[in-house]
Amino acid sequence: MNICKKVSDDWNWDTYTEDSYEKELNVFLVKGDGNGDGKDMIIKNSHVVNGELFFKDNLHPNWKEIYYQTHNLKINSVFECGCGCAHHLMNIYRINPQIDINGCDYSQSQIDLGKKYFQLGDYRFCNKIYVKDLSVPQNFGENEKYEFVYSHAVSMHLKHNKAKNMLMNMGRLSSKYIFMIENWTDSHNYDALIAETLPDFEIISRPTDAHRYQKHYLLRRQ
């Protein structure tokens, strides 16, 4: 695990949508990742058998891990930190439309891609997705608490101090769980970051006991 403090962001976030994100999105829609996973970015065929969630869609394993967690933990509300085009939020809604769906991203252009490619504007929760920079300290009201606050490949791209702020903001937003799928091999020492920024949470699941063996941290408020 990396013990150095990351000194710079991996991207210029003001131009990231144009420079990279939309191009990557189009590649996924045609052929998925390098293993061919993820071509079906929006769930069309999921079902539950004996309480277990199954998919027939071609989804990336990381994405499925997020959806398994929200299903298995019987979550009532979610907040995605760095939602991008919001396809995870759309998928969670498609699995269970009773869940209260919320999220934010640094850039409006990211959210707009969800409207351009996936008709995000047609979803009733669209007005609960907004622009906010979670890499700086933020204050949230008492009504801004969600059972399951998560990120997917976000803080791993931030320099050390910004990643610290993001984790602290996730703690302020979460009433119960924090879930992160991040690459810690070449980014941060997440054990140390979690201990420093989220002292009110305990790690209850990590890579060695992941539901489908996708690397993650699942934390629960003590």
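Let's start with the lining of the largest pocket. By class, 20 of its residues are nonpolar, 14 are polar and ten are charged. Keep in mind that this is a predicted model. The lining has 44 residues in total. The pocket's volume is about 1,000 Å³.

Which residues lie nearest the centre of this pocket? They are Y16, H152, A153, V154 and H157. Now look at the elements around it. α1, α2, β3, α3, β4 and α5 each give at least two residues to the lining. Helix α5 runs over 160-173. The largest share comes from α1, with six residues.

Stay with A153 for a moment. A153 sits in the loop between β6 and α5. Its phi is positive, about 55°, although A153 is not a glycine.

N50 has a phi near 50°, and N50 is not a glycine either. Find N50 in the loop between β1 and β2. Strand β1 covers 46-49. N50 counts as exposed because its relative accessibility is 81%, and the cut-off for exposed is over 50%.

Next, the inside of the protein. How many residues does the largest nonpolar core have? It has 38. Y67, L89 and F125 have the most contacts inside that core.

What does F125 contact, leaving aside neighbours within four places in sequence? The list is L89, M90, Y93, I101 and L120. Pick out L89, M90 and Y93 on your screen. These are among the buried residues of α3.

So let's turn to α3 itself. This helix is mostly covered, with seven of its nine residues buried. The buried ones are H87, H88, L89, M90, N91, I92 and Y93. What do these buried residues pack against? On the helix side, they pack against α2 and α4. On the strand side, they pack against β3, β4, β5 and β6. To find these strands, look for β3 at 77-81, β4 at 100-105 and β5 at 129-131.

Here is a general point for anyone tracing a helix. An α-helix has 3.6 residues a turn, so residues three or four places apart point the same way.

Now a polar residue, T17. T17 is in helix α1. T17 counts as buried because its relative accessibility is 9%, and the cut-off for buried is under 20%. Which side chain does the T17 side chain meet in a polar contact? The partner is Q110, at 2.7 Å. Not counting residues up to four places away in sequence, T17 touches E22, S107, S109, Q110 and L113.

H188 is another buried residue. H188 is in the loop between β7 and α6. Its relative accessible area is 1%, so H188 counts as buried. The H188 side chain reaches the backbone oxygen of L158, at 2.8 Å.

Follow the chain past α6, which covers 190-197. D200 is in the loop between α6 and β8. D200 counts as partly exposed because its relative accessibility is 45%. With residues up to four places away in sequence set aside, D200 touches R220, R221 and Q222. D200 and G171 are 29 residues apart in sequence. In space, C-alpha to C-alpha, D200 and G171 are 8.2 Å apart.

Last stop, K39. Where is K39? Look in the loop between α1 and β1. K39 has a relative accessible area of 37%, so K39 is partly exposed. Again leaving out residues up to four places away in sequence, K39 touches F28, L29, V30, K31, G32 and N58. Between K39 and P137 there is a separation of 98 residues in sequence. In space, K39 and P137 are 36 Å apart, C-alpha to C-alpha.

Definitions and conventions:
Residues are numbered from 1 along each chain as its sequence is written. This is a predicted model: local features need pLDDT of at least 70, side-chain atom pairs count only at pLDDT 80 or more; totals for chains, interfaces and linings use all residues. Side-chain values use heavy atoms; hydrogens and water are left out. A nonpolar core is a set of buried Ala, Val, Leu, Ile, Met, Phe, Trp, Tyr and Cys residues joined through side-chain atoms within 4.5 Å. Buried means under 20% relative accessible area, exposed over 50%, partly exposed in between (1.4 Å probe, protein chains only). Contact means heavy atoms within 4.5 Å. Helices (H or I, at least four residues) and strands (E, at least two) are DSSP runs, numbered from the N terminus. A polar contact is a pair of N or O atoms within 3.5 Å; within protein, one must be able to donate a hydrogen and the other to accept it, and residues adjacent in sequence count only if both atoms are side-chain atoms. On a 1 Å grid over the protein atoms alone, a cavity is a set of points where a 1.4 Å probe fits but cannot get out, and a pocket is an open set with protein on both sides within 12 Å along at least five of seven lines; lining residues have an atom within 4 Å of a point. Grid points are joined across faces, edges and corners, and a volume is the space filled by probe spheres set on the points. Ala, Val, Leu, Ile, Met, Phe, Trp, Tyr, Cys and Pro count as nonpolar, Asp, Glu, Lys and Arg as charged, and the others, Gly among them, as polar.
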